[in-house]
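Please look over the model shown here. The report below moves from one loop to the cores, the charged pairs and the surface.

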Amino acid sequence: MPLLRPFTRLLSFVAALVFFAALPACSPPPPVGAAAAGLPGSSIPVPPELTAALAAYRAGGPKGWAFTQTTSGPKLNLVERFDPRVRGTDRWTLLSKDGATPREDDYRSYRETSAAKTDSDNASSVRDQLNLATCTLAASDEGTSTYHFALHPSSKKDTAAEHMRAVFTLDRSTGVIVRVELFTFEPLSPVLSLKIDEARTVMSYTLPADGRPSLLSEISMKLRGRRLWVRPFAEDMTIRYTDQVNASVDK
(Lines give C-alpha, C1' and ligand atoms only; values in the text may rest on other atoms or scores of the structure.)
Protein backbone atom coordinates (compact mmCIF):
# COMPACT_ATOMS: atom_id res chain seq x y z
CA MET A 1 0.00 0.00 0.00
CA PRO A 2 1.74 3.19 -1.14
CA LEU A 3 0.35 5.45 1.56
CA LEU A 4 3.82 5.96 2.90
CA ARG A 5 6.32 4.72 0.38
CA PRO A 6 9.83 6.12 0.55
CA PHE A 7 10.24 9.82 -0.25
CA THR A 8 13.73 11.14 0.13
CA ARG A 9 14.43 7.64 1.36
CA LEU A 10 12.45 8.35 4.52
CA LEU A 11 10.38 5.27 4.74
CA SER A 12 12.93 2.53 4.36
CA PHE A 13 12.85 2.79 8.18
CA VAL A 14 9.18 2.23 8.32
CA ALA A 15 8.72 -1.38 8.19
CA ALA A 16 6.24 -0.35 10.81
CA LEU A 17 3.88 1.23 8.32
CA VAL A 18 4.90 -0.33 5.09
CA PHE A 19 3.85 -3.75 6.36
CA PHE A 20 0.62 -2.97 4.53
CA ALA A 21 2.36 -3.47 1.20
CA ALA A 22 2.25 -7.27 1.50
CA LEU A 23 -1.38 -7.67 2.40
CA PRO A 24 -3.35 -10.30 0.44
CA ALA A 25 -5.56 -9.25 -2.45
CA CYS A 26 -9.01 -8.05 -1.53
CA SER A 27 -11.22 -5.23 -2.77
CA PRO A 28 -13.13 -3.62 0.11
CA PRO A 29 -16.47 -1.96 -0.61
CA PRO A 30 -16.11 1.83 -0.83
CA PRO A 31 -17.51 3.94 2.02
CA VAL A 32 -20.72 5.79 1.20
CA GLY A 33 -20.62 8.69 3.62
CA ALA A 34 -19.29 9.73 6.98
CA ALA A 35 -21.50 7.46 9.06
CA ALA A 36 -20.74 4.40 6.96
CA ALA A 37 -17.05 5.26 7.06
CA GLY A 38 -16.95 5.59 10.83
CA LEU A 39 -15.96 9.26 10.60
CA PRO A 40 -16.84 12.03 13.04
CA GLY A 41 -19.75 14.26 12.10
CA SER A 42 -21.54 14.53 8.79
CA SER A 43 -19.92 14.67 5.38
CA ILE A 44 -19.41 18.12 3.91
CA PRO A 45 -18.22 19.40 0.54
CA VAL A 46 -14.45 19.88 0.55
CA PRO A 47 -13.93 23.61 1.29
CA PRO A 48 -12.20 25.60 -1.48
CA GLU A 49 -9.30 26.53 0.81
CA LEU A 50 -8.68 22.86 1.60
CA THR A 51 -8.90 21.92 -2.08
CA ALA A 52 -6.19 24.48 -2.84
CA ALA A 53 -4.02 23.29 0.05
CA LEU A 54 -4.31 19.64 -1.00
CA ALA A 55 -3.38 20.52 -4.58
CA ALA A 56 -0.19 22.20 -3.35
CA TYR A 57 0.62 19.59 -0.70
CA ARG A 58 3.83 17.62 -1.09
CA ALA A 59 4.52 15.14 1.69
CA GLY A 60 8.29 15.67 1.65
CA GLY A 61 7.98 19.44 1.46
CA PRO A 62 9.21 21.58 -1.44
CA LYS A 63 11.97 20.25 -3.66
CA GLY A 64 15.43 21.78 -3.72
CA TRP A 65 16.05 21.92 0.03
CA ALA A 66 19.02 20.41 1.84
CA PHE A 67 18.42 19.11 5.36
CA THR A 68 19.73 17.00 8.21
CA GLN A 69 17.63 13.93 8.95
CA THR A 70 17.81 12.39 12.43
CA THR A 71 16.18 9.00 12.84
CA SER A 72 15.59 7.73 16.38
CA GLY A 73 14.21 4.34 17.35
CA PRO A 74 15.01 1.16 19.28
CA LYS A 75 16.59 -0.48 16.22
CA LEU A 76 17.84 2.46 14.18
CA ASN A 77 19.59 5.68 15.18
CA LEU A 78 21.11 7.66 12.34
CA VAL A 79 22.01 11.22 11.49
CA GLU A 80 22.21 11.90 7.75
CA ARG A 81 22.61 14.94 5.55
CA PHE A 82 20.79 15.31 2.24
CA ASP A 83 22.00 17.78 -0.39
CA PRO A 84 20.10 17.87 -3.70
CA ARG A 85 22.96 19.77 -5.37
CA VAL A 86 25.06 16.61 -5.33
CA ARG A 87 24.46 14.07 -8.08
CA GLY A 88 23.59 10.43 -7.50
CA THR A 89 23.75 8.61 -4.18
CA ASP A 90 26.42 10.97 -2.81
CA ARG A 91 23.68 13.45 -2.07
CA TRP A 92 23.17 11.40 1.13
CA THR A 93 25.95 11.52 3.75
CA LEU A 94 26.07 9.46 6.95
CA LEU A 95 27.05 11.74 9.85
CA SER A 96 26.40 9.54 12.88
CA LYS A 97 25.26 6.03 13.75
CA ASP A 98 24.04 5.04 17.22
CA GLY A 99 25.39 8.29 18.66
CA ALA A 100 28.95 7.73 17.47
CA THR A 101 31.14 8.53 14.50
CA PRO A 102 30.54 5.83 11.90
CA ARG A 103 33.22 3.20 11.40
CA GLU A 104 34.61 2.37 8.00
CA ASP A 105 32.35 -0.68 7.66
CA ASP A 106 29.38 1.56 8.54
CA TYR A 107 30.31 3.91 5.71
CA ARG A 108 30.79 0.96 3.36
CA SER A 109 27.39 -0.54 4.21
CA TYR A 110 25.79 2.89 3.94
CA ARG A 111 27.23 3.46 0.48
CA GLU A 112 25.94 0.07 -0.64
CA THR A 113 22.43 0.81 0.54
CA SER A 114 22.54 4.32 -0.91
CA ALA A 115 21.86 2.86 -4.32
CA ALA A 116 18.28 2.22 -3.21
CA LYS A 117 17.69 5.74 -1.92
CA THR A 118 15.38 8.10 -3.72
CA ASP A 119 14.14 11.64 -3.29
CA SER A 120 10.81 10.95 -4.98
CA ASP A 121 7.62 11.94 -3.22
CA ASN A 122 5.43 8.89 -3.51
CA ALA A 123 4.01 9.57 -0.09
CA SER A 124 1.93 12.35 -1.58
CA SER A 125 -0.16 9.57 -3.14
CA VAL A 126 -2.12 9.48 0.10
CA ARG A 127 -3.67 12.72 -1.10
CA ASP A 128 -4.84 10.90 -4.20
CA GLN A 129 -6.40 8.14 -2.09
CA LEU A 130 -8.66 10.47 -0.13
CA ASN A 131 -12.34 9.67 -0.50
CA LEU A 132 -13.44 13.28 -0.88
CA ALA A 133 -17.10 12.32 -0.45
CA THR A 134 -16.34 11.43 3.19
CA CYS A 135 -14.78 14.78 4.16
CA THR A 136 -15.82 15.76 7.68
CA LEU A 137 -14.82 18.74 9.81
CA ALA A 138 -13.48 17.17 13.01
CA ALA A 139 -12.20 20.27 14.80
CA SER A 140 -11.70 24.00 14.33
CA ASP A 141 -10.13 26.74 16.41
CA GLU A 142 -8.91 30.29 15.86
CA GLY A 143 -6.18 29.26 13.45
CA THR A 144 -6.68 25.74 12.13
CA SER A 145 -9.31 23.37 10.80
CA THR A 146 -8.94 19.58 10.93
CA TYR A 147 -10.61 17.30 8.39
CA HIS A 148 -11.04 13.51 8.38
CA PHE A 149 -11.24 11.30 5.31
CA ALA A 150 -11.79 7.65 4.51
CA LEU A 151 -9.37 6.22 1.97
CA HIS A 152 -9.78 4.59 -1.40
CA PRO A 153 -7.64 1.45 -1.81
CA SER A 154 -4.56 2.10 -3.89
CA SER A 155 -4.91 -1.20 -5.75
CA LYS A 156 -6.80 -4.48 -5.66
CA LYS A 157 -4.13 -5.81 -3.29
CA ASP A 158 -4.64 -3.00 -0.82
CA THR A 159 -6.71 -4.35 2.07
CA ALA A 160 -5.43 -1.82 4.60
CA ALA A 161 -7.21 1.28 3.31
CA GLU A 162 -10.61 0.20 4.61
CA HIS A 163 -9.15 0.04 8.13
CA MET A 164 -7.43 3.43 7.96
CA ARG A 165 -8.29 7.10 8.12
CA ALA A 166 -6.42 10.23 7.09
CA VAL A 167 -6.49 13.52 8.98
CA PHE A 168 -5.35 16.80 7.40
CA THR A 169 -4.94 19.96 9.46
CA LEU A 170 -5.12 23.24 7.56
CA ASP A 171 -3.63 26.48 8.82
CA ARG A 172 -6.20 28.93 7.55
CA SER A 173 -4.07 32.08 7.68
CA THR A 174 -1.38 30.66 5.39
CA GLY A 175 -3.42 28.09 3.48
CA VAL A 176 -0.92 25.27 4.07
CA ILE A 177 -1.25 21.77 5.52
CA VAL A 178 0.57 21.73 8.87
CA ARG A 179 -0.19 18.20 10.04
CA VAL A 180 -1.11 14.89 8.39
CA GLU A 181 -2.05 11.81 10.36
CA LEU A 182 -2.65 8.28 9.07
CA PHE A 183 -4.01 5.72 11.49
CA THR A 184 -5.88 2.46 11.80
CA PHE A 185 -9.26 2.98 13.48
CA GLU A 186 -9.79 -0.75 14.05
CA PRO A 187 -7.57 -3.84 14.35
CA LEU A 188 -6.72 -5.82 11.24
CA SER A 189 -5.07 -9.14 10.45
CA PRO A 190 -3.10 -8.89 7.20
CA VAL A 191 -2.09 -12.55 7.54
CA LEU A 192 -3.36 -15.31 9.80
CA SER A 193 -0.47 -15.16 12.27
CA LEU A 194 -0.28 -11.36 12.54
CA LYS A 195 -2.68 -8.92 14.16
CA ILE A 196 -2.21 -5.17 14.03
CA ASP A 197 -3.88 -3.45 16.96
CA GLU A 198 -2.69 0.06 16.20
CA ALA A 199 -0.67 1.81 13.49
CA ARG A 200 -0.23 5.55 13.39
CA THR A 201 1.98 7.97 11.48
CA VAL A 202 2.03 11.73 12.04
CA MET A 203 3.79 14.20 9.74
CA SER A 204 4.30 17.76 10.99
CA TYR A 205 5.21 20.86 8.97
CA THR A 206 6.45 24.35 9.79
CA LEU A 207 4.52 27.48 8.97
CA PRO A 208 5.83 29.65 6.13
CA ALA A 209 7.89 32.50 7.59
CA ASP A 210 10.65 34.95 6.62
CA GLY A 211 10.53 33.93 2.98
CA ARG A 212 10.76 30.23 3.80
CA PRO A 213 7.97 27.86 2.69
CA SER A 214 6.29 25.26 4.84
CA LEU A 215 8.84 22.51 5.46
CA LEU A 216 8.60 18.98 6.80
CA SER A 217 9.80 19.05 10.42
CA GLU A 218 9.00 15.64 11.93
CA ILE A 219 7.54 12.22 11.28
CA SER A 220 6.55 9.97 14.17
CA MET A 221 5.38 6.39 13.87
CA LYS A 222 3.80 3.91 16.20
CA LEU A 223 2.91 0.26 15.62
CA ARG A 224 1.37 -2.22 18.06
CA GLY A 225 0.29 -5.79 17.42
CA ARG A 226 0.78 -9.49 18.01
CA ARG A 227 2.69 -12.19 16.16
CA LEU A 228 1.56 -15.80 16.27
CA TRP A 229 -1.59 -14.60 18.07
CA VAL A 230 0.09 -14.15 21.48
CA ARG A 231 3.55 -12.56 21.06
CA PRO A 232 3.18 -8.78 21.38
CA PHE A 233 5.43 -6.41 19.46
CA ALA A 234 5.83 -2.65 19.34
CA GLU A 235 7.65 -0.35 16.95
CA ASP A 236 8.22 3.37 17.53
CA MET A 237 10.29 5.74 15.46
CA THR A 238 10.78 9.48 15.11
CA ILE A 239 12.45 11.33 12.26
CA ARG A 240 13.33 15.01 12.65
CA TYR A 241 14.41 17.47 9.97
CA THR A 242 16.72 20.35 10.82
CA ASP A 243 19.21 22.76 9.25
CA GLN A 244 17.11 23.18 6.12
CA VAL A 245 18.83 25.24 3.44
CA ASN A 246 17.41 26.30 0.08
CA ALA A 247 19.89 24.52 -2.16
CA SER A 248 18.19 25.71 -5.34
CA VAL A 249 19.46 29.26 -4.76
CA ASP A 250 23.08 29.98 -5.59
CA LYS A 251 24.72 31.91 -2.76
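In which loop is valine 46 found? Valine 46 sits in the loop between α2 (34-37) and α3 (48-56). The model is predicted. Is valine 46 buried, partly exposed or exposed? Its relative accessible area is 22%, and the cut-off for buried is under 20%. Valine 46 therefore counts as partly exposed. Sequence neighbours within four places aside, valine 46 is in contact with Thr51, Leu132, Cys135 and Phe149. Alanine 133 lies 87 residues away from valine 46 in sequence. In space, their C-alpha atoms are 8.1 Å apart.

**The chain as a whole**

The protein chain has five helices and 11 strands. It holds 251 residues, and 45% of them count as buried. Take the contacts between residues at least 6 apart in sequence: 55% of these join residues at least 24 apart. The chain exposes about 12,600 Å². Carbon and sulfur atoms supply 54% of that area.

**Nonpolar cores**

The largest nonpolar core has 34 residues. Which of them touch the most other members? They are Tyr57, Phe168 and Ile177. Strand β6 (residues 164-171) gives the most to this core, with four residues.

A second, separate core has six residues. Leu194, Ala199, Leu223 and Phe233 are among its members.

**Salt bridges**

Side chains of opposite charge can pair when their charged atoms come close. How many salt bridges does a search of the whole structure find? It finds 14. The table gives three of these pairs.

| Lysine 97 | Aspartate 106 | 3.2 Å |

Start with the pair of aspartate 106 and lysine 97. Aspartate 106 is buried, at 11% relative accessible area. Lysine 97 is partly exposed, at 33%.

Arginine 226 lies in strand β10, and aspartate 197 lies in strand β9 (residues 194-205). The pair therefore ties together parts that are 29 residues apart in sequence. Arginine 226 is partly exposed, with a relative accessible area of 28%. Aspartate 197 is partly exposed too, at 31%.

Arginine 200 is partly exposed, at 28% relative accessible area. Glutamate 198 is partly exposed, at 22%. This pair belongs to a network built from salt bridges that share partners. The network joins Arg179, Glu181, Glu198, Arg200 and Lys222.

**A buried aspartate in a loop**

Aspartate 158 lies in the loop between β5 (144-151) and β6. Is aspartate 158 buried or exposed? Its relative accessible area is 1%, so aspartate 158 counts as buried. What lies 2.8 Å from a polar atom of its side chain? The backbone nitrogen of serine 154 does.

Arginine 227 is found in strand β10. It is partly exposed, with a relative accessible area of 41%. Neighbours within four places in sequence aside, arginine 227 is in contact with Ser193, Leu194 and Phe233. Leu194 and Phe233 are also members of the second core. Valine 191 is 36 residues from arginine 227 along the chain. Their C-alpha atoms are separated by 9.9 Å.

Valine 230 lies in the loop between β10 (216-227) and β11 (231-246). Its relative accessible area is 63%, and the cut-off for exposed is over 50%. Valine 230 is therefore exposed.

Notes
Residues are numbered from 1 along each chain as its sequence is written. This is a predicted model: local features need pLDDT of at least 70, side-chain atom pairs count only at pLDDT 80 or more; totals for chains, interfaces and linings use all residues. Side-chain values use heavy atoms; hydrogens and water are left out. A nonpolar core is a set of buried Ala, Val, Leu, Ile, Met, Phe, Trp, Tyr and Cys residues joined through side-chain atoms within 4.5 Å. Buried means under 20% relative accessible area, exposed over 50%, partly exposed in between (1.4 Å probe, protein chains only). Helices (H or I, at least four residues) and strands (E, at least two) are DSSP runs, numbered from the N terminus. Contact means heavy atoms within 4.5 Å. Accessible areas come from the Shrake-Rupley method with a 1.4 Å probe; for residues, only the protein chains shown count as cover. A salt bridge is a side-chain nitrogen of Lys or Arg within 4 Å of a carboxyl oxygen of Asp or Glu. A polar contact is a pair of N or O atoms within 3.5 Å; within protein, one must be able to donate a hydrogen and the other to accept it, and residues adjacent in sequence count only if both atoms are side-chain atoms.
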